[in-house]
Amino acid sequence: MSNESDAEDVEAVGGAEKPGAAAVPAGFELGTDGPKVILAGLDGSDSSWRATAYAAGLARRQGATLAVAYVQPVLGAATALAGAVVEETTQEIADELLSALREAEHHVKEVWRVEWRFLTMRGDPYTGLAKLADELRADAVVVGASEQAGHRVIGSVAVRLVKAGRWPVTVVP
């Protein structure tokens, strides 16, 4: 007896198998042909830089695009009076992160290349990353572990992304 099957291709229909047709997934399916977009959250913390480096390695090996996102925090009521200063500071942070990414790319350009883009928006980090992941149809989201003690009580961005259950999420320590 050989390992080859003499059976025709089958398609499941209402729990039964129908001979002659191959099963075809309906609609868009994440990850079926390997990742195309890997989203990394970057906020300047050590763990977010490690997450971005990890995501870059994944993107390089898989031939995917790396989308690096910095979500600029929104103003709380207590800081609303200093709005312009805070907004300017968060934009400066975004500019510094982009500059550091370009410098890192320059250092490794002779060794390997990754197609990447930097995205920034204002808002809550979880909401911003979730929105970007959906818009980009990200196949994976990579974030750094929270370095803030308060997140053990209210939940970190990473935990909230995992609980959303819409993308594979890798949390880098």
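Visitor: Within what distance do the axes of α3 and α5 come, and at roughly what angle do they cross?

Guide: Two packed helices are described by the angle between their axes and the distance between those axes. Here the axes of α3 and α5 come within 9 Å and cross at roughly 45°. (Axes are lines fitted to C-alpha atoms, for helices over the stretch in contact, with angles from 0 to 180 degrees between N-to-C directions.) α3 and α5 are therefore oblique to each other; under 35 degrees would be roughly parallel, over 145 roughly antiparallel, 65 to 115 roughly perpendicular, and the rest is oblique. The crossing of α3 and α5 is right-handed, that is, the near helix is turned clockwise from the far one by less than a right angle, anticlockwise being left-handed.

Visitor: What sort of model am I looking at?

Guide: It's a predicted model, where local features need pLDDT of at least 70 and side-chain atom pairs pLDDT 80 or more, while totals for chains, interfaces and linings use all residues. Numbering runs from 1 along each chain as its sequence is written, and side-chain values use heavy atoms, with hydrogens and water left out.

Visitor: Which residues of α3 and α5 meet?

Guide: On the α3 side you'll find P125, Y126, L129 and A130; they meet V157, R160, L161 and A164 of α5 (contact means heavy atoms within 4.5 Å). Sort those residues and you get seven nonpolar, no polar and one charged. (Nonpolar covers Ala, Val, Leu, Ile, Met, Phe, Trp, Tyr, Cys and Pro; charged covers Asp, Glu, Lys and Arg; the others, Gly among them, are polar.)

Visitor: How many salt bridges turn up in the whole structure?

Guide: Look for a side-chain nitrogen of Lys or Arg within 4 Å of a carboxyl oxygen of Asp or Glu. A search of the whole structure finds three. Take D124 and R160 to begin with: their side chains meet in a salt bridge at 3.8 Å, N to O. D124 sits in the loop between β5 (116–122) and α3 (125–136) and R160 in α5 (residues 157–164), so this pair ties together parts 36 residues apart in sequence.

Visitor: What else does D124 touch?

Guide: Leaving out residues up to four places away in sequence, D124 touches V71, V74 and R160. V71 is 53 residues from D124 in sequence, yet their C-alpha atoms are 7.0 Å apart.

Visitor: What pattern does the chain follow?

Guide: The protein chain has five helices and seven strands (DSSP runs numbered from the N terminus: helices H or I, at least four residues; strands E, at least two). Along the sequence they go β-β-β-α-β-α-β-α-β-α-α-β. Of the 173 residues, 31% are buried. Among contacts between residues at least 6 apart in sequence, 70% join residues at least 24 apart.

Technical notes: Buried < 20%, exposed > 50% of the residue type's maximum accessible area, 1.4 Å probe, protein only.
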